Amino acid sequence: RISIDGFRTLQRDLVRKENHLHRLFRALMSEETFEGVLEEPVDEESLTAAEALKRLERAWLNEKFAPEILNTESDLIECMLEQFNQMDLNLSRLKKGDMRLIYHKLEMDRIKYVINSYLRCRLNKIEYLFTSYVGDMEIDEQLASRLSESEINYAREYVLSLKTLFDNIAVNHVPQNIRKFNASQMDTKSHLEEYVFLQALEPNRIVLEGYANEKDEEIEFETGSQHIIKYRSISSLIDSGQVNLI
């Protein structure tokens, strides 16, 4: 049995512990949580941990909603993965059950999910649009500038594997005069005329060619405003970081 005074004392202790846990959680989820995630500059630009995460999430969402492959963020990805190894080493020094260990691991898992999803999205686009990026085993220069070296190698290996598969199951079993693997006949193009949702990050103006009654129309963006527009009209604004896809 416990007295009323004892119960109130226990209740106050529980409230103090709960408040302490909330303060600890807020501290761990603040920018200080990510100290050490990104210490090296990326693209000659020094980024804080919070800025690096924001840039990663922005690249992930833009890649997810864009109908074409965007410029790679491989430098940022590689740098963060390298820092994860150091963070794993630091976390291994904490005692089992330490609250900091739990929250740090949760946040690291979240960041790893974003990285994995970003990379999977790019590989899926390479596979779906492979003949737009690889023709006769040669990479289009403009598109190659958007891919990392590993992605270029993956695209070449994918087309070679596909050609080998088709040769083995079909091409080698048809008359000699029609034995030819023509990747261009399997071509799938990026749907640049698709409509996308976007949010403006800064004031801007764009001209939509042939928008209404085949007449050009000017649209003004305000910071934070959201729009539905054809992707082709705003693709350059994504590369320059003036809009985000949502």
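Which exposed residues does the face of α7 turned away from its buried side carry? That face carries E149, S150, E157 and I169. Exposed means over 50% relative accessible area, buried under 20%, and partly exposed in between (1.4 Å probe, protein chains only). This is a predicted model: local features need pLDDT of at least 70, side-chain atom pairs count only at pLDDT 80 or more, and totals for chains, interfaces and linings use all residues. Residues are numbered from 1 along each chain as its sequence is written, and side-chain values use heavy atoms, leaving out hydrogens and water.

**Helix α7**
- Helix α7 spans residues 149-169 and has 21 residues. Helices (H or I, at least four residues) and strands (E, at least two) are DSSP runs, numbered from the N terminus.
- Its buried residues are E151, I152, A155, V159, L162 and D167. They lie on the same side of α7, because they cover an arc of only 150 degrees around the axis. The arc is that of the directions from the helix axis to the C-beta atoms.

**Salt bridges**
- A salt bridge is a side-chain nitrogen of Lys or Arg within 4 Å of a carboxyl oxygen of Asp or Glu. The count by this rule is eleven.
- E151 and R122 form one of them, at 2.6 Å from N to O. This pair links helix α7 to helix α4 (residues 99-128), 29 residues apart.
- E151 is buried at 6% relative accessibility. R122 is buried too, at 0%.
- E63, R122, K125 and E151 are linked in a network of salt bridges.
- E220 pairs with R205 in a salt bridge, the closest N and O atoms being 3.8 Å apart. E220 is partly exposed at 49%, whereas R205 is exposed at 53%.

Methods. Expected span 1.5 Å × (residues − 1).
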